[in-house]
Each structure stands twice: as C-alpha cells, then as structure tokens.
Amino acid sequence: MNIIPLFIAIPLGFAFLIPMFSRKVRWLPDMLGNLATLSLVILSFYTIGRTGNYYMGGWRPPIGINLVLDGFSSLMLIMVSGVSFAATLFSVQYMEKYTSKLRYYSLFLLMVAGMNGVALTGDMFNLYVFLEIASIASYALVGFGCDHEELEASFKYLVLGSIASTFILFGIALIYGMTGSLNMAHVGQMIQQQGMGPTLLFAMVMFLMGFGLKAALVPFHAWLPDAHPSAPAPISAMLSGVLIKVLGVYAMMRIFFNVIGVDEKLSWVFIGAGVISMVVGGLLALGQWDYKRLLAYSSISQMGYVILAIGVGGMAMARGGAGANSVAALALLGGLFHLINHATFKSLMFLTSGSVVYGTNTRDLKKMGGLFYKMPITGLCAMVGSLSIAGLPPFNGFWSKLIIILACVKAGFYGIALVAVAVSVITLAYYLKLQKYAFFGEVGEGLKDVKESPSLMCLSMGILAVLCVGLSLLLLPGPRAVLLDPAVEAVLQGTDYITVVLGR
Amino acid sequence: MIYLLTFVLFSIGLYGVVTKKNTVKIVISLVIMEYAVNLFLVLLGYRKGGIAPIMEKGQEIQEFAAATVDPLPQALVLTAIVIGLGVLALMVSLCIRLYEKYGTFDISEMKRLKG
C-alpha cells in the first residue's frame, strides 16, 4: 500500500473528526490530537530512505496531480511530525486556559495537513492550495486568544500572508502561461527547452517576494515578531519551528533548485538576503525585553543562516569547476542540518516560554528572575535550547553552524564566514541575556510561589531537549547516510528531478 | 495588451494595501489584488470566439481542441475563488473583532505591538 497520501489524509481526517465526536467528552480531543500526531511521527519514520510517487485518481503526470516522496520531503515530514507531536503533547495542559480545545486541535491538524501537503506535492497549483490551507489555519491560530494584541498581530499577519499568497499565485499563473503545464517536473522540462526569458524572470521575482514573505527574510520580516509571540506557545513553536521553513524555505528550494534551476545571480540574492537577515535579526533580538519577541527575532536571524547556506550551495552549483559539487553538498548539508536543528531548539525555546508564562503570567524579562530555582526542569531545558542556538560544542547548533562556516570558507567567501561567526557571538550574547534575566539572579517580586509546570509539559520539553543533544549524532556517517544525505542529493540533483518524477 | 490591464489592477490593489489606514479598505484592496490574478488566469485560457470546453457527440477531437477555450485555468480560478472566500471571511471577522476591541477601523490607532 502506498503510504504517501496518508500524510495528508490523517491530519485532515482527524481535523474533521475531533469537533464532530468529542463535544461531550473532555479528554477526547486531547487524545485524538495526540494520536494523530503520534501516528504521523511513526509513519514519517517509515518514509526514511524511500522514494515514490502517488498519482491522485490514477492520472499520470503531466495531466494528473502527483505527490512525490524523495529524501528532501522525507526530512521535512519527519521534522513537521516530530515538532507537532511535541506541541500537541504540550497543549494538553497548556491550552486548558483557552476556551475551545476542539477548534484548537482542528485548526492545528489542518495546519499540519497543509504543511505535509506542501512537502509532498509535485504540482504547482496544488502547492498553492496546500500553502493556503496551512496559512489560513495559522492566521486563525495566531488570533486564537482573541485579545487586543493577538487580533492585531493576526490581522497584520493575514494581510502580509495574503499578499504573499497572491504573489505566488501570480507567479504560478505566469509559469502556466509560459509553459502550459502545472506539473513541477514537466514545467522544469519546458523551462530547460525554452531557456531564460523575461516572463520567467518576472515569475521568479514574484516567487522570491512571495516565499520571502512566508519565510520572513529581512526586507519582508515585519509580521513575524508580532505574529509568533502573540500565538499560544505550542503554536509559536509550530510557526517558528516548522511553518516558516516548510512554506518558505522548502517551497522556495523546491521551485528554484528543482524546477527553474539556480544561477549565479539568484544565488547572490539568496546570499544577500541570508546575510542581511542574519545580522539584522540578531541585532534586533539583542534589544528585546519580551521573552517570546526575542525568540522571534532570533528565528529571523537563524533562518538567515539557512538561506545563506542555500545560496552558497547554489553558487557552487552554478559556477561549477573542480570540487564544486563537494562544496555545494557541504553547504546544503549545513543548511538542511541547521534547518532541522532550528526546528528542534526554537520549538523547545518557545515551549519553555510557554511554561514560564504558565507559571508567572508575564513575558517581560525584567519582571522575571531566579526561575531556575523555582522551575528546574524548564530552566534546564531552556539552558539546553539556548546553548544549542548559540552554538556551543556538544549541542547540535554548533555542528550545523560549523559546517555552514566551513562551506563559506571553502567556496571562497571569507568575509561572509567572518560575519557568520560574528552573528554567532551576538546570538550567544542575547541568549545569555535571556538566561541571566529570566532564570538566574534574584527571585523576582511576586514570583515566590511559582511552581514547576505540569508533567506533560515537562515531558514534551524534555523530549525536545534530548533531541537537541541527540541530533548531533546525525553527523555520524551511519545516520547521516540514512537521513541527511538523501535530502542533500534531492536538492543537488537540481533539474534532474524531472527525470525522477516523469521517468524519462 | 489586455494582460497589462490586469497588472494595473494588481498594482492598484497593492497600492491600496500599502497606503490605506482603514482595515476595511485594506481588505477591499486585497480582494482587488486577488481578482486581478484570477482575471489573469482566465485570460490565459481565453480565446477569441472560443467555445465552452464541453465536447458534443460527433465532434472531431482535433476540431474541438482547435475551437475550445482552455478549461484548466477556469478550474484553477474556481479553486482560487473558494480559497479567497475563506481568507475574506476570516479577514472580515477579524475586522469586526478588532472594531469591538479598539472601537475603530483605523490601524494607526492599533499599536499595542511595537519593536
């Protein structure tokens, strides 16, 4: 049996079932929600090392819509399911203070369905549809608290997100007008035959703006620091941890690397956007006093690393020459490794922020202090997360940053490598600030009787904290060949993707 | 030429989103943008004097293909309109909620968030 459609069917089905059947029973939505995400985790491990196609309704491409599973999608599926499982586990007790858990889980699973769809689809318009499913669910979830700030952030996010979607749709329409096809592989084939033209260039600009907005690259980042902190903590973890990666970075890489093909100019755009995001996000995070806002700016900064690595990889691919392929592979390995690392440690940090808010009812760092003694597990998890993002040696963040910097040096970008190191120092600075004000020092006023968060919240944070340390092992040759290398190869094969899908 | 007009419409929408202060006007501008793209999609498949893409009995397939308009963009636009409706409903309900909270539609007065 083909398991590929299950990744979309399971969350969609549960999203429908939860509000249908669990109105009366209080514990049922929690159970069904966790069951759905847990089954996705198990299924996603089953996809490791597999590739395949699923033709919807039996129609073969280029006529029908197909779902494609390759190394890169498989990596995304594992990332999405892992983080969403941790988030649903966290929600069980955290979401008690909100009114409607039914709708919460329903929207949550819709978002997961959309993201899985984006990761799997091989059709451009289908990509847009799944992108909108995930986006609409996330707009609603950002405004879930229905308070002044949440609604304001949600509106801002909705307006910018809709503009992004419209740009993407416009790009898709242009591509369709040019090639007469929507299947990604088939479009790639046509583009290779027709070569570069003004229409394609215009479509590329549209895609860059659209996906850049979704991925919150710096000129387009304005919505992120409002939207991510305003959402409930598990949703912040999902948004920062996986949503911006799947809807932004993954979709961008799929279209630019596998369909259109990268060239030097495009790589320069990626490198430029990456460096600017890295620096601006890092500097702005330094000045924040709101726990979650600091994390949101840090997300922008860390996504900069990923985009930079992608740009360096694309540059090496476009330039060609001796050893270019190994440099490109190294850069993309670093980028993708940082992508999943960021998913674990940023969702961990957002969950700890939720735990802190649950205990103290404030997000202001100035009002906190000494929480490490009151909430030891949360404190420990936050420390693991901070050190991982800052890139200290035993944790996963160190290895991925090291690889990215090494790739920059190998590709000859010494200045950029230096900037990357400097931003890493800035990262360490603002996470030390977070640690100092929130978890160490004098116990803040009115925080004398703060207690540790309930067990399930600690459990989900614990899982992610262990993953933060454990993911370093992915770099060992064995696990790396299973998980990371197929993903890198899927990107590296570039427009050969076409032959894999169409089989000709 | 006519493609240019959809692009003008698109730009008008974008201009409205960027400059207007009233939330309802922003929503309307977004809808204009969306419809510009929908129009563009329909135009892509349009053919002067084309027939509806329904094949009648006894019609030659070549003849049919030469006369009909492209049905795929129409299917896409249907989907895009439904998605747009979902977004529009969410936007309008957010506007109503914002009005309840702040008592105004003016976004320059909603600034609890900054930084």
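Trainee: Is A:Met20 buried, partly exposed or exposed, and what is its relative accessible area?
Mentor: The model is a predicted one. In it, A:Met20 has its place in helix α1 (residues 6-21) of chain A. Buried means under 20% relative accessible area and exposed means over 50%. A:Met20 falls in between and is therefore partly exposed, with a relative accessible area of 47%.

Trainee: Which residues form a nonpolar patch on the surface with A:Met20, and what is their accessible area together?
Mentor: The patch is made of A:Met20 with A:Phe16, A:Leu17 and A:Phe21. Together these residues have an accessible area of about 430 Å².

Trainee: How many salt bridges does the structure hold over all chains?
Mentor: Side chains of opposite charge can pair when their charged atoms come close. For a salt bridge, a side-chain nitrogen of Lys or Arg must be within 4 Å of a carboxyl oxygen of Asp or Glu. Over all chains, the number of salt bridges is 8.

Trainee: How many residues apart in sequence are the parts that A:Asp70 and A:Arg254 tie together?
Mentor: A:Asp70 and A:Arg254 form a salt bridge, with their closest N and O atoms 2.8 Å apart. A:Asp70 lies in the loop between β2 (66-69) and α3 (71-94) of chain A, while A:Arg254 lies in helix α10 (residues 233-260) of chain A, so the parts tied together are 184 residues apart in sequence.

Trainee: Are A:Asp70 and A:Arg254 buried or exposed?
Mentor: The term buried applies under 20% relative accessible area. For A:Asp70 and A:Arg254, both partners of the salt bridge, the answer is buried.

Trainee: What separates B:Glu100 and B:Arg97 in helix α4 of chain B?
Mentor: B:Glu100 forms a salt bridge with B:Arg97, the closest N and O atoms being 3.9 Å apart. B:Glu100 counts as exposed at 57% relative accessibility, whereas B:Arg97 counts as partly exposed at 35%. The two residues are 3 apart in helix α4 (residues 71-102), so the separation is about one helical turn.

Trainee: Which side chain of opposite charge is nearest to A:Lys433, and how far away is it?
Mentor: A:Lys433 lies in helix α17 (residues 414-439) of chain A and is buried without a salt bridge. The nearest side chain of opposite charge is that of A:Asp364, at 9.0 Å.

Trainee: Which residue has its backbone oxygen 2.7 Å from a polar atom of the side chain of A:Lys433?
Mentor: Leaving aside neighbours within four places in sequence, A:Lys433 is in contact with A:Leu286, A:Gly287, A:Gln288 and A:Trp289. The backbone oxygen at 2.7 Å belongs to A:Gln288.

Conventions: Residues are numbered from 1 along each chain as its sequence is written. Chains are lettered from A and ligands numbered from 1 in the order in which they are written. This is a predicted model: local features need pLDDT of at least 70, side-chain atom pairs count only at pLDDT 80 or more; totals for chains, interfaces and linings use all residues. Side-chain values use heavy atoms; hydrogens and water are left out. Patches are made of residues with over 30% relative accessible area and no salt bridge: like charges are joined within 9 Å, nonpolar side chains (Val, Leu, Ile, Met, Phe, Trp, Tyr) within 5 Å. Accessible areas come from the Shrake-Rupley method with a 1.4 Å probe; for residues, only the protein chains shown count as cover. Helices (H or I, at least four residues) and strands (E, at least two) are DSSP runs, numbered from the N terminus. Buried means under 20% relative accessible area, exposed over 50%, partly exposed in between (1.4 Å probe, protein chains only). Lys and Arg count as positive and Asp and Glu as negative; His and the chain ends are not counted. A polar contact is a pair of N or O atoms within 3.5 Å; within protein, one must be able to donate a hydrogen and the other to accept it, and residues adjacent in sequence count only if both atoms are side-chain atoms. Contact means heavy atoms within 4.5 Å.
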